[in-house]
Amino acid sequence: MNATDSQWMARALHLAELGLFTTTPNPRVGCVLVQNGTVVGEGWHERTGEPHAEPLALRSAGEKARGATAYVTLEPCNHFGRTPPCTDALIAANVARVVVAMQDPNPLVSGQGIAKLRAAGIEVDCGLMESGASALNIGFVNRMTLGLPWVRSKIAASLDGRTALANGTSQWITGEAARRDVHAWRARSCAVLTGIETVLKDDAQLSVRHIATPRQPLRVVLDSNFRIPLNAKIFQDGQVLVITASQDANKIAAVEQQGAKVKVLPNNNGRVDLQGTLKHLASIGCNEVLVEAGSALNGALLKAGLVNELVLYFAPQLLGDMARGMAQLGELVELDQRVALLWQDVRQVGNDLRVLAKICRAG
């Protein structure tokens, strides 16, 4: 593989990113067909159930696909799902070479598509710009390998890490540009997760409104004691899942009449099972989950080791030590108990700073 291969794979990754808001639960995939240094076809997967990137690129190339090199950001599939195998389409088109950014992370299928292409006499190279392809599908990779979605917790705070005044006032700490940016994170997420306290306090919809998207994320409310009001705004604009520890059949029926779904997932303490919640979301195809909650739920998820990444918005202001913090972690008596972070990105959004940081895991 060489610099020219990297050029075309970069183009394929750009195409894959066009499906950022729409492909769930499928991965984001792009494909570029090149013949004699010229692009003869390209495509990207847009929605589940619709053609994958490879057949779209082959369709646009037509007969020019014969002898071409295909640059694909994810190993071509080799099984029948809602669409036929992409390996069969590439073989039938008589492409000469396939360059793959990364293998399919699903352990049940990983490597099989590459093996079939090679068995058909097609040259296959794998691993070019793998980190970029993996980052683009970080939730899909996590779900396939660990059975859990990739969980981001979004927190808006003052520069001294305070999210609300002591009396609970929090609107608005950050500016309009930051709030609009949050809607982009919602749009790329399969689900937005919050706690009942946020619903009761803010009556938030948690839908995507400030940017164009054809799909609304699933809104998930953790409500151990089933206190959600039936007239809550969150029941508007799309699907809602209420996860509770309560077996109250009447309340379950009333919430379902609002068009929402209910899942009873108690832990041994009579609260919602947090890990069970995330496993359930993964089982229904959620790749990325955005948490927009208060300090109690943020703290519980962090202490349970269930947050992968933080999206922090810091406003240029100080609220003081009496204001509310970002996460209730309890008293830490040793530095080894701290939550360690790895910086990913820092940039200014309007008048605020946005910091992306991954949670560092042991080892």
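Me: Which glutamate does the side chain of arginine 152 meet in a salt bridge?

Reply: The side chain of arginine 152 meets that of glutamate 309, with a distance of 2.9 Å from N to O. Arginine 152 belongs to strand β6 and glutamate 309 to strand β12 (residues 309-315), so the pair ties together parts that are 157 residues apart in sequence. A salt bridge here is a side-chain nitrogen of Lys or Arg within 4 Å of a carboxyl oxygen of Asp or Glu, while helices (H or I, at least four residues) and strands (E, at least two) are DSSP runs, numbered from the N terminus.

Me: Before going on, what kind of model is this?

Reply: This is a predicted model, in which local features need pLDDT of at least 70 and side-chain atom pairs count only at pLDDT 80 or more, whereas totals for chains, interfaces and linings use all residues. Residues are numbered from 1 along each chain as its sequence is written, and side-chain values use heavy atoms, with hydrogens and water left out.

Me: Back to that pair: are arginine 152 and glutamate 309 buried or exposed?

Reply: Both arginine 152 and glutamate 309 are buried, which means under 20% relative accessible area, with exposed being over 50% and partly exposed in between (1.4 Å probe, protein chains only). Salt bridges that share partners also bring Arg28, Arg152, Arg188, Glu288 and Glu309 together in one network.

Me: How many salt bridges are there by this rule?

Reply: The count comes to 18 salt bridges. One of them joins the side chains of arginine 11 and glutamate 42, at 2.7 Å from N to O. Arginine 11 is in helix α1 and glutamate 42 in strand β2, so this pair ties together parts that are 31 residues apart in sequence. Arginine 11 is partly exposed, at 30% relative accessibility, and glutamate 42 is partly exposed too, at 29%.

Me: And which aspartate does lysine 116 meet in a salt bridge?

Reply: The side chain of lysine 116 meets that of aspartate 88, at 2.6 Å from N to O. That pair links distant parts of the chain, with lysine 116 in helix α4 (residues 112-119) and aspartate 88 in helix α3 (residues 86-92), 28 residues apart.

Me: What lies 3.1 Å from a polar atom of the lysine 251 side chain, then?

Reply: That is the backbone oxygen of isoleucine 228. Lysine 251 itself is in helix α9 (residues 249-256), and, leaving aside neighbours within four places in sequence, lysine 251 is in contact (heavy atoms within 4.5 Å) with Phe226, Arg227, Ile228 and Leu230.

Me: Switching to α6, how many of its residues are buried?

Reply: Helix α6 (residues 138-146) is mostly covered, since seven of its nine residues are buried, namely Ile138, Gly139, Phe140, Val141, Asn142, Arg143 and Met144. What covers these buried residues includes α5, β6 (150-158), α10 (274-283), β11 (288-291) and β14 (352-359). Just after α6, glycine 147 takes a positive phi of about 70 degrees.

Me: Which form, cis or trans, does the peptide bond from threonine 24 to proline 25 take?

Reply: That peptide bond is cis, with omega near 5 degrees, and proline 25 lies in the loop between α1 (3-17) and β1 (30-35).

Me: Last one, where is tryptophan 343?

Reply: Tryptophan 343 is in strand β13 (residues 341-349) and is exposed, with a relative accessible area of 59%.

Key: Polar contact = N/O pair within 3.5 Å; in protein donor to acceptor, adjacent residues only side chain to side chain.
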